[in-house]
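Student: Walk me through this one, please. Start wherever you like.

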Amino acid sequence: MTNAAGTTNANVMTAETPAVAGPAVQGTGSRATRILGWLAIVTMGLSLLFGLILSRPEVNTGDSVRLMYVHLPSIAVAYLAFSVTLIGSAAYLRNQSVFWDLLAGSAAEIGVVFTAFLLISGSLWGRTTWGTYWEWDPRLTSTAVMFVMYLGYLAIRGLDLPQETRSRRAAIVGVVAVFNVVIVHYSVQWWRGLHQGQTIGVDTKLDGLMLFSLFLSVVAFILVGTWLLIHRFRVAWLERQIDDILLSEALDERRSEASAGPSGVEGRV
Amino acid sequence: MEWTHVTIGHLVVLGGTAGYAASVLARGRRLTARIPVRRRRFLG
């Protein structure tokens, strides 16, 4: 692995850092995440039972309505994730806290993953109801733009720049990109297109069991999204810690090389 | 055709979620093995 200083290190654990003693913590799991994980699995199982078996086909679109139980929850998770990115980015711009920066980045990654699921499931649903996988409809187009914008956000986070510069630029994009989320949400009201209006609202036409199945699947997906966010944040935190350790090791190495130089004069790092 | 698309959609979303979760957990396991306990803040 190459660190920020350009040196190569096979393993972060060295003789100076033998603190792994005691009960070995394996992975990013904890008691709370294990409970949350099992809760998510059980809820997801129930939502599949209701969505695929117990709920009835829709009058006009038949069984393809069952795609709604993965399509709509995907956008719910994506919206929530991008909201967390907005909060994290704004908080980072205010106080430059590593916590908020990593939280924003982790949430954006989850949002992008679920936006990809949204586009794929929507495309399959479109094929069965509209007869086409893709149409340049305002909702579909704005969702695709949102997907690309957050991919760009993740690309900025991967740039080879000083940490503060990279985080600040990503935070600015994280704040600006949320305007597109608003456009996606209201696109079905602002412009006329192929995509249906909002599924849930004051004039909801879903029958009781369909509405319950949808509610259950949204809850299941939000539980999964929360579980993913906690783990992804912990991974990002560990990565940052390892970068810091590698950097300080490289600096120590340079200092010791400089101080052991032939002139005996302490060198500059 | 309806059930084919429903099945593919569910497989993509649920399989993709499971795959992504597995990759995050694997990265976490790999990283915790490389880092001192005192720096494992936020690990619950």
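**The cavity, the core and some residues**

Tutor: The largest cavity holds about 40 Å³ of space. A cavity here is a set of points on a 1 Å grid over the protein atoms alone where a 1.4 Å probe fits but cannot get out; points are joined across faces, edges and corners, and the volume is the space filled by probe spheres set on them. This is a predicted model, where local features need pLDDT of at least 70 and side-chain atom pairs count only at pLDDT 80 or more, while totals for chains, interfaces and linings use all residues. Residues are numbered from 1 along each chain as its sequence is written, chains are lettered from A and ligands numbered from 1 in the order in which they are written, and side-chain values use heavy atoms, with hydrogens and water left out.

Student: How many cavities of 30 Å³ or more turn up in the whole structure?

Tutor: One.

Student: What lines the largest cavity?

Tutor: From chain A, the lining takes A:Met44, A:Ser47, A:Leu48, A:Gly51, A:Tyr69, A:Val70, A:Ser217 and A:Phe221, and B:His10 joins them from chain B. A lining residue has an atom within 4 Å of a cavity point. H1, H2 and H7 of chain A each give two or more residues to this lining. The biggest contribution is that of H1(A), with four residues.

Student: And by class, what is the lining of the largest cavity made of?

Tutor: Five nonpolar residues, four polar ones and no charged ones. Ala, Val, Leu, Ile, Met, Phe, Trp, Tyr, Cys and Pro count as nonpolar, Asp, Glu, Lys and Arg as charged, and the others, Gly among them, as polar.

Student: Back up to the chains. What elements does chain A have?

Tutor: Seven helices and zero strands, running α-α-α-α-α-α-α from the N terminus on. Elements are DSSP runs numbered from the N terminus, with at least four residues of H or I for a helix and at least two of E for a strand. Chain B has one helix and zero strands.

Student: How many of the residues in each chain count as buried?

Tutor: In chain A, 44% of the 269 residues do; in chain B, 39% of the 44 residues do. Buried is under 20% relative accessible area, exposed is over 50%, and partly exposed is in between, with a 1.4 Å probe and protein chains only.

Student: What about accessible surface for chain A?

Tutor: About 13900 Å² by the Shrake-Rupley method with a 1.4 Å probe, and carbon and sulfur atoms account for 63% of that surface. Chain B exposes about 2300 Å², 65% of it from carbon and sulfur atoms.

Student: Which residues have the most contacts inside the largest nonpolar core?

Tutor: A:Ile110, A:Phe114, A:Tyr150 and A:Leu228, in a core of 62 residues. At least two core residues come from each of H1 (31-54), H2 (68-95), H3 (98-129), H4 (138-157), H6 (178-190) and H7 (208-259) of chain A, and likewise from H1 (2-32) of chain B. H7(A) supplies the largest share, 17 residues. The core is a set of buried Ala, Val, Leu, Ile, Met, Phe, Trp, Tyr and Cys residues joined through side-chain atoms within 4.5 Å.

Student: What is A:Phe114 in contact with?

Tutor: Beyond four places in sequence, A:Phe114 meets A:Ser74, A:Val77, A:Ala78, A:Phe221, A:Leu228 and B:Thr17. Contact is heavy atoms within 4.5 Å.

Student: Next, A:Val224. Buried or exposed?

Tutor: A:Val224 counts as buried because its relative accessibility is 13%. This residue of H7(A) touches A:Ala40, A:Met44 and B:Thr17, residues up to four places away not counted.

Student: And A:Leu223, buried or exposed?

Tutor: A:Leu223 is buried, at 17%, and is also found in H7 of chain A. Its contacts past four places in sequence are A:Leu36, A:Leu39, A:Ala40 and A:Thr43.

Student: Where is A:Phe215 found?

Tutor: In H7 of chain A, but A:Phe215 is exposed, with a relative accessible area of 53%.

Student: Loops, then. Where does A:Ser64 lie?

Tutor: Between H1 and H2 of chain A. A:Ser64 has a relative accessible area of 0%, so it is buried. Leaving out neighbours within four places, A:Ser64 contacts A:Trp125, A:Thr128, A:Thr129, B:Glu2 and B:Val6.

Student: What about the phi of A:Gln96?

Tutor: Positive, about 50°, although A:Gln96 is not a glycine. A:Gln96 sits in the loop between H2 and H3 of chain A.

Notes. 1 Å grid on protein atoms, 1.4 Å probe; cavity = no way out; pocket = protein on both sides within 12 Å on 5 of 7 lines; lining within 4 Å.
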